[in-house]
Amino acid sequence: MPDGMLPKPLRYALQALAYAAFAAVLGYFSTSPAYRLRADDEAVVKLSFTHAAQLARPCRERSAEELARLAPNMRNKMDCPRERVEVKVELDMDGAPLYRIGASPAGLHRDGASTVYRRLAIPAGRHRFRARLADGPDGEFSFTAETVVDLAPGQVLIVDFATDRSGFVFTRG
Amino acid sequence: MPSLLRRLRDADDTLGAVFDRAFPAAGNPWRHLGALAFLCLVIAVASGIVAYALYDTSVSGAYESGLRLQRDPLLLGRLLRGLHRYAADAFVLLTVLHLMREAARGHFLGARWFSWLSGVPLLWLLWIAGLTGLWLLADERALYSVTATAEWLQALPLAADLLARNFLTPDALNDRFYSLVMFVHIGVPLLTLAAVWIHVQRASRARLWPPRALTAGCLAMFTLLALAVPAGSLGPADPGHVAARISLDWFYQFAHPLADLLSAKAAWLLAAALTILLACLPWLAPRRAPAPARVNLDNCNGCARCAADCPFGAVVMVPRTDQRRHPRQASVVEDLCTACGICVGACPSSTPFRSIEDLVSGIELPDAPVARMRQQLQSGIAALTASPRVMLFTCRQAGRHTVLADARTAVMPVECAAMVPPSFIEYALRLGADGAMIAGCREGDCEFRLGDRWVRERIGGAREPHLRATVPRERIALSWAGRDAERLQREVASLQSRLRHG
């Protein structure tokens, strides 16, 4: 028998043990340990919307001097900047601020829609939510909605915003 | 760094030796981690092809198709799912172990940089392939994982907060989502196979497949595991509810808890930093740059044995550039040469019996020319004062075994055991040595990949240049003790005892 070699039956037993240990590692870590996503008494609010705010500046008429400075093929009488303002959102829960965000418009020229997705953990139970959104250059909140929701542990409340449905939409999962 | 590498290599050698107690040396799984990982990839791909035929890519059918397999009364579905999942999990584990082992052995340095660098993208590819596979189950875990991944992607400056909206409500998803994920889940493993092909390009005779016994053992293990611990689905995905705890496949979904722990941006930074660090490692570590092998055309007859034996494809045969009658000559691609000296051992002109005044071989290491080797051999044997006299050729990679030198043992360190031309053994015996031994890395674990194999074949007469049949084999021994100096000492003592009594 070569140096350091164990008897055959013992070697086979050790091989089986090595395979079993490897299988145990695979079997265990393919599902365990369980990962805690939230506390037992927590519910989840998902604030998520995509909304194009108003233009930052209104269209204006170019003066004759301005037009003269432009190339002939660019002499459009109206100057309409593409940039939009950021969308300001405030979400309150039971009268206290839960989340505040100013979402910038997408795009290199800041002319796209503002999008927001935030996952917020809150205590389960009955809560009053108030959502406000400002999307104009004046910064005034032009959309407001309130609701009272009873959320069970783990239940998801989706706070969406849709102008075609006249503002905020609260959906319970 | 060199002392750290030495310590890591010692630890690796010890671990390999532990497996040697149970497994035959050539079938030691610790020395076939890369090949085992490839086997797992192939099992996962093969079982995935069958699973694809049974999978429904619609929103309503995705979850059900997983359950259908799970409920198959003949357990074939359970076997299929288990083989696919556990082979994919093992692929990650074995790949990471393979990476760690190669790093510990310094196999990112010098000419090996290409194999190392080409392995780095493989890590991302295998992770994407596995993660998307878990999404196809359309269960609770899939929804959590896909949402967490979307949230993680949203942390990148270029990504808008739009991705996660696709998983907010049951109506947000459509059938195209699972078709898209399936496309990625099939496409990325195919890319992975291509990347593996690139990864082994610079290794000649790459060991892609593990030995048969290990293949059979792994298949049996996966089968038993699949049947004993079914890789089942969790409950159906419900975007309206978040479970308090969820079972994760930690081999692929480790990134989600990590992003929670560190923040999504920090997790990206960590992933980017690790990727860059791994990719740059060959250039960060201090490099030892041994002089590459050099061809001496006056002594090269273009026999191509050096090219056949080079483990890294660093010797190529090219049309003759001098006016000699041989059609080809050897040429060394210096960037690929690790200066292992295996080509020197393969060259028929590396024989110490030659009577020319200046002994020069057809291919030589400038740092260890054959003439110097012959001189060392002569002086080593001449210095022996006690019997039985043994000439011990030791591989430098296997440790510093010069301490074994004594009145009856002359030690000659060489770069690799296969650097010793078989004629040197015969020459040592002719010079008065009673026996000769070649000692190298552990069997199947040659630092230069193929050294131990070539030595065995050359001494056994199965490979050119072979040891002549007239040389008494009982006076010769091979030792694959690696860095285990005590074992080598025992084997030298055993040879001496044999010589004394035989």
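Q: Taking a residue as buried if 20 or more other C-beta atoms lie within 10 Å of its own, with C-beta atoms placed from the backbone, what percentage of the 502 residues in chain B is buried?
A: This is a predicted model, and in it buried residues make up 45% of the 502 residues in chain B.

Q: What box do the C-alpha atoms of chain B fill, and how many helices and strands does the chain have?
A: Taken along the principal axes, the box is roughly 90 × 50 × 40 Å, and the secondary structure of chain B comes to 17 helices and nine strands. Among the contacts in chain B with a separation of 6 or more, 72% join residues 24 or more positions apart.

Q: Which residues have the most contacts inside the largest nonpolar core?
A: They are B:Leu36, B:Cys40, B:Tyr86, B:Ala87 and B:Phe91, in a core of 88 residues. Helix H2 of chain B, residues 33-53, gives the most to this core, with eleven residues.

Q: And what is B:Phe91 in contact with, leaving aside its neighbours within four places in sequence?
A: B:Phe91 is in contact with B:Ala37, B:Cys40, B:Leu41, B:Ala44 and B:Leu126. There is also a second, separate core of 69 residues, which includes B:Leu365, B:Val411, B:Cys416 and B:Ile425.

Q: Switching to helices, at what angle do H3(B) and H4(B) pack?
A: Helix H3 (residues 59-70) and helix H4 (residues 76-104) of chain B pack at an angle of about 115°, and their axes are 6 Å apart. On the H3(B) side the residues are B:Arg68, B:Leu69 and B:Gln70, and these meet B:Gly77, B:Arg78, B:Leu80 and B:Arg81 in H4(B). Sorted by class, this contact has two nonpolar, two polar and three charged residues.

Q: How far does H4(B) reach from its first C-alpha to its last, and what comes just after the helix?
A: With 29 residues, H4(B) reaches 41 Å, close to the 42 Å expected at 1.5 Å a residue. Just after the helix, B:Gly106 takes a positive phi of about 70°.

Q: Do S1(A) and S1(B) pair in the parallel or antiparallel sense?
A: They pair in the antiparallel sense over two bridges, with residues 245-246 forming S1 of chain B. In this pairing A:Arg36 stands opposite B:Arg245.

Q: In what order do the four strands of the open sheet in chain A run, and why is one side of S7 and of S11 left without a neighbour?
A: The order is S7-S2-S10-S11, with mixed pairing. S7 and S11 (167-172) stand at the edges and each has a single partner strand, so one side of each is left without a neighbour in the sheet. Neighbouring strands of this sheet are turned by 15° against each other on average, direction ignored.

Q: How many bridges join S10(A) and S11(A)?
A: There are six bridges, in the antiparallel sense, and A:Leu157 has A:Arg172 in S11(A) as its bridge partner.

Key. Residues are numbered from 1 along each chain as its sequence is written. Chains are lettered from A and ligands numbered from 1 in the order in which they are written. This is a predicted model: local features need pLDDT of at least 70, side-chain atom pairs count only at pLDDT 80 or more; totals for chains, interfaces and linings use all residues. Two strands pair if DSSP finds at least two bridges between them. A residue is buried if 20 or more other C-beta atoms lie within 10 Å of its own, exposed if 12 or fewer, and partly exposed in between; C-beta atoms are placed from the backbone. Two residues are in contact if their C-beta atoms, placed from the backbone, lie within 7 Å. A nonpolar core is a set of buried Ala, Val, Leu, Ile, Met, Phe, Trp, Tyr and Cys residues joined through C-beta atoms within 7 Å. Axes are lines fitted to C-alpha atoms, for helices over the stretch in contact, and angles run from 0 to 180 degrees between N-to-C directions. Ala, Val, Leu, Ile, Met, Phe, Trp, Tyr, Cys and Pro count as nonpolar, Asp, Glu, Lys and Arg as charged, and the others, Gly among them, as polar. The expected span of a helix is 1.5 Å times one less than its number of residues.
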